[in-house]
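Please look over the sequence and the 3D structure below.

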Amino acid sequence: MRLARGGYTCFRQQAVESFCLGTFVLCVGVLACSASTLAKDAPCPRRDPEIIVPEGFCVTIFADHIGHARHLVVGPDNTVYVNTWSGGYYDNDRPSNGGFVVALKDRDGDGVADVTTRSGPSASQGGHGGTGIAFYDQKLFVEENDKIVRYEIMPNGSVTGRGENVVDGLPLGGAHPVHPFAIDHDGRLFIAPGSATDACEDLDQNPPRGESPCQELATRAGIWLYDANRTEQHFSPNERYATGCRNAEGLDFDKSGRLYATQHGRGHLHENWPELYDEQQGFRLPADELTIIRHGASYGWPLCYFDAAQHKRVLAPEYGGDGKKVGPCAREEMPVAVFPAHWAPNDMKIYKGSAFPETYQSGAFIAFHGSFNPAGPHGGYNVVFQPLKNGATAGPFLVFAEGFARAAKEPERAAHRPSGIAVGPDGALYVADDKAGRVWRVTFEKP
């Protein structure tokens, strides 16, 4: 069934066992919508023709070739700060001269950055950058290797050469070595170190069995709480705020102060457990998630994963699950919203601006990095909007922007992969790409 909805083409998928791989996308078991009209009727002279957005929106290339751009934040004067990371994934991961923090300014107001300043430690000084970045108390907080460091902002928009250690000793290595974070108005610093493994499994066993108890949970796969107003804090198990978040890369607060987090679902169900999961189940399980983080809560990993077709958390096969058993997973926190498997939500921001139409107020924009499925359907590589109200969904998710990967939705062949998202003081939306180092700016052009 197709529905017209404010510049989108929508459809309802009745059979949750299949995916649609064309222009439209499927969120398993829910209504999903895709941007169907290029925003070419609005006054947008520098429009990027490759990116499809709803009518009335203008998307321009704000900056290009800045390196492995991960998360980004916009300062009060609309300077865009990007954390670039030498993670070894792509050719552009080579450290750039001049430091890993990139400041981008648009002085003439044409929607394109005309000043690019690099600061922070250079590669020769041991600077490798990271993912997380935030602005608080007129200072820039940046993930740098195993630390969260804060910098004073200089008049030209760059940061001071030597930052102050806020937290050090963050865990490195493994599958998710980065440390996204968010800071609320009171200076509470929430850090999300991801898991080192897929399901806390012992790969020396065949099939792999889960470690019980999972030792990683002491220092990884959760949310930790520190104070952004203090320095020289040291990471330890004692400051764990919530647990069971496998890889919560997107963090943000709504206007009521609720902390939301995205969750990368696990993989390798069919590869490691072919007697329990066929190839198609491996492609579409388990769901990626949007959750609300609560103090002391557990979100399932590694014991459980979320099955969107059954709409429940089920026990992982490494811990005795068979795709249907629930067991202790009945006690785990449920997601607010779910998305197709393996789309990889790398960042998320609640829209608290006023420049976009009312439809977008208080909802979440999510940057999906894209699927890693070697032989299956390749999803993601887009920006999704999830309507929210009072801590719950307020409708199905919409594919807000697509076309980033261009012809090849594969990690190595995709032209671009969304990895960061931010909202400026003027309400503009910014999207960062860690494949080719591009930053887009999205605005709404009133008729």
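## Salt bridges

The whole structure holds 22 salt bridges (a side-chain nitrogen of Lys or Arg within 4 Å of a carboxyl oxygen of Asp or Glu). Side chains of opposite charge can pair when their charged atoms come close. This is a predicted model: local features need pLDDT of at least 70, side-chain atom pairs count only at pLDDT 80 or more, and totals for chains, interfaces and linings use all residues. Residues are numbered from 1 along each chain as its sequence is written, and side-chain values use heavy atoms, with hydrogens and water left out.

Take Asp64 and Arg438, whose side chains meet in a salt bridge at 2.8 Å, N to O. Asp64 lies in the loop between E4 and strand E5 (69-74), and Arg438 in the loop between E33 and E34, so the pair ties together parts 374 residues apart in sequence. Arg438 is buried, at 10% relative accessible area. Asp64 is partly exposed, at 28%. Here buried means under 20% relative accessible area, exposed over 50%, and partly exposed in between (1.4 Å probe, protein chains only).

Arg150 also forms a salt bridge, with Glu164, and their closest N and O atoms are 2.9 Å apart. Arg150 is in strand E11 and Glu164 in strand E12, so this pair ties together parts 14 residues apart in sequence. Asp198, Arg246, Arg266 and Glu318 are linked in a network of salt bridges.

## Chain and core

The chain has 2 helices and 34 strands. Helices (H or I, at least four residues) and strands (E, at least two) are DSSP runs, numbered from the N terminus. Of its 447 residues, 59% count as buried.

The largest nonpolar core has 20 residues. Such a core is a set of buried Ala, Val, Leu, Ile, Met, Phe, Trp, Tyr and Cys residues joined through side-chain atoms within 4.5 Å. Phe356, Phe365, Val383 and Phe400 have the most contacts inside this core. Strand E31 gives the largest share, 3 residues. Contact means heavy atoms within 4.5 Å. Beyond its neighbours within four places in sequence, Phe356 touches residues including Phe57, Phe365, Phe400 and Phe444.

## Two buried residues

Ala113 sits in the loop between strands E7 and E8. Ala113 is buried, at 16% relative accessibility. Ala113 and Ile61 are 52 residues apart in sequence, but 8.8 Å apart in space, C-alpha to C-alpha.

Gln233 belongs to strand E18. Gln233 is buried too, at 6%. Leaving aside neighbours within four places in sequence, its contacts include Val166, Asp168 and Tyr226.
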